[in-house]
Amino acid sequence: MIKTCLPDVLEKKRLQITKRHNINASIAIFFIFTVLFLFIHLLASIEVRSRGWVLGLLGLSLFLCLFFIMRFISKLDYLFCKELGFICPECHKPLYIVIGRETGSKRLMDGRCPHCNKDLKG
Ligand SMILES: [Zn+2]
């Protein structure tokens, strides 16, 4: 487990949001694989000459699915941050940053706002 410099109250909220984010991401991954599975079955049932279109459609729809699902999860994270009050007192932006955003995540672990760099420890 990663040690953070956040006060206990904020650390508890961060862990709650992280847990909720991981549940949402797991559901999204399950949904994407279900759609992929259905497309593969659809592809197997279509005649050989038209598979190129179906593959293109599959790629495009997977890309769109990923894009909108990531935006949706990000929106859910934001709403949950607001609900819990996990918001920066200075810039009023949500403090939760997905791990992929290295700099912001490191700042939060150091006890600073990932957006405006305000010290949250005091
Ligand atoms: Zn801030």
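The following questions and answers describe a predicted model of a protein.

Residues are numbered from 1 along each chain as its sequence is written. In this predicted model, local features need pLDDT of at least 70 and side-chain atom pairs count only at pLDDT 80 or more, while totals for chains, interfaces and linings use all residues.

Biologist: In which helix is confidence lowest?

Modeller: Confidence is given as pLDDT, the predictor's score for each residue from 0 to 100. The protein has a mean of 85, with 93% of residues at 70 or more. Helix α1 (residues 8-44) is highest at a mean of 89, and the lowest, at 76, is helix α3 (residues 102-109).

Biologist: How many helices and strands does the protein have?

Modeller: Both are DSSP runs numbered from the N terminus: helices are H or I of at least four residues, strands are E of at least two. The elements run α-α-α from the N terminus. The count is 3 helices and 0 strands.

Biologist: Is the protein spread out or a compact globule?

Modeller: The C-alpha trace spans about 65 × 25 × 20 Å along its principal axes. The globule rule (2.2 Å times the number of residues to the power 0.38) is set against a radius of gyration over C-alpha atoms. That radius is 20 Å, well over the 14 Å the rule gives for 122 residues, so the protein is more spread out than a compact globule.

Biologist: Which residues does L108 touch, not counting those up to four places away in sequence?

Modeller: Contact means C-beta atoms, placed from the backbone, within 7 Å. With that exclusion in sequence, L108 touches L95, I97 and P114.

Conventions: Contact = placed C-beta atoms within 7 Å.
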